[in-house]
Amino acid sequence: MMRSRISVLALIFFTYLSTPLNAGMPLIFDDGDKVKEIIAKLQAAMGGLIEQAGGEARLTMTHGYQLSQAMISNLAAQYSDSLDLTFRQLDSQQKKGFDDLRVLINQNQRWIHGDIQEGLRTVQDLNVVINNLAISSSRPIVTRFSPTYISPANASDSVLVEVSGFHLYDAASPSRPSLRVEKKEYTADGATDNVISFVIPRESIPVSSHQLQHVTFDLTLYQNTSNWVVSYFHKEYEPTQYSLMFAVLPENLGSYSVATKTMVDRREEVDFNSPKITVNAPSDGGHSNEPSHTYVPNDGYVFDVNSVSAVYDEKLGWYKGQKDNRYNHGQCVMTNILPTSVTIQVSADTRAKEDAARTVCHAFGKQYKVKTEPLSETSSTEPLIWGAETHFDVHENASQVINVNLFGNVKYEVSASEARDLPFLRLEPSTRDKIYFLRPQREWEPK
C-alpha cells in the first residue's frame with residue numbers, strides 16, 4: 001500500500017514533467033476526469049507556465065511557482081486514497097480546492113508574458129488557497145519552503161532547506177522526513193509539527209554555468225493513518241510524497257555593456273568659387289579698376305575666413321605687341337573677409353603707353369555649417385561576477401544606458417542617471433565621484 005501510493009504519485013509528477021500544457025490553452029476539468037487525471041492536468045499546466053514564461057517573469061515569479069507546486073503536491077497528498085474518483089463524485093468543498101487552483105493557473109497565463117504585478121497578486125491568492133486547505137485537513141500540508149533561490153556554488157558549501165506547514169512530523173513516528181536530491185536521500189536535521197529542515201551539500205545540487213534552472217526535490221512525510229482508537233495502542237504511518245521546486249542560480253550572474261550617446265557638432269563644408277572677374281587695361285598706359293564685388297555664402301552657411309583668398313585665373317601683359325606678363329601691374333585682392341560676406345577687388349595696370357594688360361580673377365574659400373548630431377558608442381561587454389563590485393565612468397553632457405543581461409536571457413535597460421534594484425544586482429550612481437556602480441549580491445540567507 002505504501003509503495004503503491006508513492007508510485008502512483010510519482011507517475012502523476014512524471015506526467016507533469018513530460019507533458020506540459022500547450023501555450024495559451026486554458027485548463028479545463030470535465031466531470032468524468034478522475035482525481036489523478038486532474039492532478040496530472042494541474043502539473044502539466046504548471047510545467048507549461050514555467051516553459052512559456054519570459055526571462056524576467058521566470059525569474060521574478062519563482063516564489064509563485066513554488067506555491068503552485070506546493071498546492072498541487074498538497075492536493076495529490078489529500079486525495080491519495082481517492083485517485084480514481086471522478087470530479088463529479090467530489091463534494092462541493094473538494095471541487096472548490098481543485099477549481100481555485102485551476103482558476104489561478106489560468107490567470108497566470110497572462111502574467112508570464114509580462115504582467116508581473118498581476119502575478120504577485122496571484123501569489124497572495126495562492127497563500128489563501130493553501131491556508132484554506134490546511135484548515136480542513138488532518139494530513140500533512142506544506143504551506144511554504146525556502147530558499148526560493150539556491151545560492152551560487154561558490155557562496156556556501158551547504159544549503160539549508162526549510163519546509164513550513166501543518167502535521168509535518170509526529171515525534172512518535174519511527175521514520176523521519178526525508179528529501180531526495182537527484183539520487184541521494186537526506187534525513188531531516190530538524191523536525192517539528194510545523195517546521196522541518198535539511199542541510200544539503202551544495203555539490204549535490206546541479207548547477208548551470210549561465211542559465212537559471214529549476215530543480216525539483218522529493219519530500220517524503222509520514223502520516224499517522226490509524227484511527228483514534230487504534231492509535232492509542234499502536235500507530236501506523238504511511239509515507240506521502242511532495243515535490244518541492246527551487247531555482248538554482250548559475251555560476252555566472254551575467255554581463256553588462258554601456259551605451260553612451262553624446263551630441264556632437266559636425267562641420268559640413270563645401271567649396272565657394274565666385275564668378276570670374278575680367279579687367280582689361282588700355283594700351284595707352286592706363287589703369288583700369290572693376291568695382292569691388294561682394295559675395296555672401298549659401299543659405300545656412302558661413303565663410304571660413306582663414307580659407308578665403310583671391311585667385312588669379314589669368315594675369316596677362318604685352319609690350320609693343322609682344323606678350324610679356326611682367327607688364328601687367330594690376331592686382332587681385334580681398335578687401336573684406338567676414339563670416340557672412342567677402343569682397344574682392346580686381347585691377348589691370350600697364351604703366352606705359354606701349355603696354356596692354358588683362359587680369360582675370362575670382363574669390364575662393366570654404367563655406368560651412370555646423371550640424372548637431374547624436375554620436376552613439378557602446379562599450380565592450382563586461383562580466384558580472386557574484387560578490388564582485390564593478391563600475392564605469394559617468395560622462396558629463398552625455399546620455400548613458402546600462403544594458404544588463406542576467407542569466408543569459410533576462411535583459412534590462414537602465415539609465416545611468418538613476419539607481420535601480422534588479423534581481424541580485426544593485427545599480428547605483430555616485431554623482432560626487434562621477435562613477436556608476438554595479439554591485440552583485442554578496443550575502444545569502446534563506447528567503
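Select strands β2, β9, β8, β4 and β5: in that order these five strands form an open sheet with mixed pairing. Strands here are DSSP runs of E of at least two residues, helices are runs of H or I of at least four, and both are numbered from the N terminus. Two strands count as paired if DSSP finds at least two bridges between them. At the edges of the sheet are β2 (149–150) and β5 (184–187), each pairing on one side only.

This is a predicted model, in which local features need pLDDT of at least 70 and side-chain atom pairs count only at pLDDT 80 or more, while totals for chains, interfaces and linings use all residues. Residues are numbered from 1 along each chain as its sequence is written, and side-chain values use heavy atoms, with hydrogens and water left out.

Strand β4 (residues 178–181) runs antiparallel to β5, and four bridges join them.

Angles run from 0 to 180 degrees between N-to-C directions, with axes as lines fitted to C-alpha atoms, for helices over the stretch in contact. Contact means heavy atoms within 4.5 Å.

Next, show side chains for V142, V163, L179, I196 and L219. They have the most contacts inside the largest nonpolar core, a set of 27 residues. Such a core consists of buried Ala, Val, Leu, Ile, Met, Phe, Trp, Tyr and Cys residues joined through side-chain atoms within 4.5 Å. Buried means under 20% relative accessible area, exposed over 50% and partly exposed in between, using a 1.4 Å probe and protein chains only. Two or more residues come from each of α4, β1 (141–146), β3 (158–166), β4, β7 (195–201), β8 and β9. Centre on I196: beyond its neighbours within four places in sequence, its contacts include V161, V163, L168, Y169, L219 and L221. A second, separate core has 24 residues, among them L384, I402, V410 and L438.

For the disulfide, select C332 and C361, which are joined with an S to S distance of 1.4 Å. The structure holds one disulfide, defined as a pair of cysteine sulfur atoms within 2.5 Å. The link is left-handed, with -75 degrees about the S-S bond. Because C332 is in strand β17 (residues 332–337) and C361 in strand β19 (residues 355–378), the pair ties together parts 29 residues apart in sequence. C332 counts as buried at 7% relative accessibility, and C361 counts as buried at 0%.

Move on to β21, β26, β25 and β24. In that order, these four strands form an open sheet with antiparallel pairing. The edges are β21 (390–393) and β24 (420–422); each has a single partner strand, so one side of each is left without a neighbour in the sheet. From one strand to the next, the twist averages 20 degrees. Three bridges join β24 to the antiparallel strand β25 (residues 425–430), and R420 has L427 of β25 as its bridge partner.

Finally, zoom out. The protein chain has seven helices and 26 strands, and buried residues make up 45% of its 447 residues. Of the contacts between residues at least 6 apart in sequence, 70% join residues at least 24 apart.
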